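Hello,

Here is the structure I promised to pass on to you. Please have a look at it first, and then read my notes below.

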Amino acid sequence: MEIGDITITKREILVCIAATLILLGIAFPIIAVIQNSINEKNEKYFKALKINNDTEQFQYAINTNLGRVMAYGKVEAVNGVKIEDLENKYFYIKKEKEKYTRHTRQVAHTRKVGNTTQTYYTTETYYTWDHAGQEEWKTERFIFLNVEFDYGTINFNNTEYLTTIQTDSTTRYVYYIIPFEFEGTLSTYITNNTITNNQFFYNKKIEKIIEEKKAEINTTKIIFWFLWIFFIILLDFGYVGLDNNYLED
C-alpha cells in the first residue's frame, strides 16, 4: 500500500494495529484514575446536605454542626454602604481614580538608502487613562438565609462595573460595586456553629452546580480520548514513515 511517497507493508500495518490495541488498553486505567480524581474532588458537592432557600433548616445546620452543606438563598447587606457620588446603597463599592496621561514611545521605521535598508526611529506621543489610586467601602456585616456574618466570612466574586464619572479633561472615576442584595449558592463546612471553607456561586442554583460538576467527567473523557487517539494516529503514521526494513528480514 502506498500513500504519497510512503510505502506501507503488511507487517507495518500489523505492528500499528498491535501498538494501537496496547495503547487503547493503557488508556482505560488512565481514564479511570482521572474519573476517580474528579469524583473525589467533587464529592463534597454530591454528598453535601442541600438547603434550598430554607432559613430554618440553615439555622438548624449551624446549631447542630451538620458538616458539609450547600445552601441557596439571598445575601443582604446589613445597613450597606453609601457615598456621595452614588445614589444607592451597596454591599461593596470600589472607586478607582484614573488620570489621562501623556506618554511617548520610540517607533521603528525602515527606508531604502541606495541598495541598503536602514532602520530609523521617531518619537510617538499617545495618551491613556492610567490607574491613579482607589478607595473601597464595604458593609461590616451581611445576612445569608437569615443568619448574620462578618464581612469577609465569604469571598464574593460578583463585583461588577457600575459607572464612570469624569470630573475634568484629565481625571475620571470608575465605580465597581456588589449589589445591596443578591442570590446564590454557598458551599460550606459547618463546624463550631459557624461556616468554614466557603465557596460562593453567584446567581446559581444548587441543581445547576451539581449538573456542571457531573458534566466535568464527560467533558474530561471527551478531551482525553480525542488527545489520546490523536497521539495514536501520529505515532502510527510516524512509524510507517520510517524505514522499517528489519521487518522484512
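**What I found**

Let me start with Ile13, which has its place in helix H1 (residues 10-46); helices here are DSSP runs of H or I with at least four residues, strands are runs of E with at least two, and both are numbered from the N terminus. Before going on, please note that this is a predicted model, in which local features need pLDDT of at least 70, side-chain atom pairs count only at pLDDT 80 or more, and totals for chains, interfaces and linings use all residues. Residues are numbered from 1 along each chain as its sequence is written, and side-chain values use heavy atoms, with hydrogens and water left out.

Back to Ile13: with 31% relative accessibility, Ile13 counts as partly exposed (buried means under 20% relative accessible area, exposed over 50%, and partly exposed in between, with a 1.4 Å probe and protein chains only). Together with Leu14, Ile17 and Leu21, Ile13 forms a nonpolar patch on the surface, with about 380 Å² of accessible area. Such areas come from the Shrake-Rupley method with a 1.4 Å probe, and for residues only the protein chains shown count as cover. Patches consist of residues with over 30% relative accessible area and no salt bridge; like charges are joined within 9 Å, and nonpolar side chains (Val, Leu, Ile, Met, Phe, Trp, Tyr) within 5 Å.

Now to the aromatic rings. Rings of Phe, Tyr and Trp (its six-membered ring) pair if their centres lie within 6.5 Å; planes under 30 degrees apart count as stacked, over 60 as edge-to-face and the rest as tilted. By this rule there are 19 aromatic pairs. Phe142 and Phe149 have ring centres 5.8 Å apart and planes at 35°, so this pair is tilted. Both of these residues are buried. Phe182 and Tyr202 make an edge-to-face pair, with 6.0 Å from centre to centre and 65° between the planes. Phe182 belongs to strand S11 (residues 181-191) and Tyr202 to strand S12 (residues 194-202), so the pair ties together parts that are 20 residues apart in sequence. Phe182 is buried at 5% relative accessibility, while Tyr202 is partly exposed at 33%. These four residues also belong to one aromatic cluster, along with Phe91, Tyr151, Phe156 and Phe200.

Next come the charges. A salt bridge is a side-chain nitrogen of Lys or Arg within 4 Å of a carboxyl oxygen of Asp or Glu, and the structure holds 12 salt bridges. One of them joins Lys94 and Glu96, with the closest N and O atoms 3.3 Å apart, and both residues are buried. Lys94 also lies over the face of Tyr176, 5.3 Å from the ring centre; a charge sits over a ring if NZ of Lys or CZ of Arg is within 6 Å of the ring centre and within 35 degrees of the ring normal. Arg105 lies over the face of Tyr126 in turn, at 4.1 Å from the ring centre. Another salt bridge links Glu43 and Lys47 (2.9 Å, N to O); Glu43 is partly exposed and Lys47 is exposed.

Finally, where is Glu148 found? Glu148 is in strand S8 (residues 147-150) and is partly exposed, at 39% relative accessible area. Not counting residues up to four places away in sequence, Glu148 touches Val78, Arg141, Phe142 and Ile143, where contact means heavy atoms within 4.5 Å.

Enjoy exploring the model!
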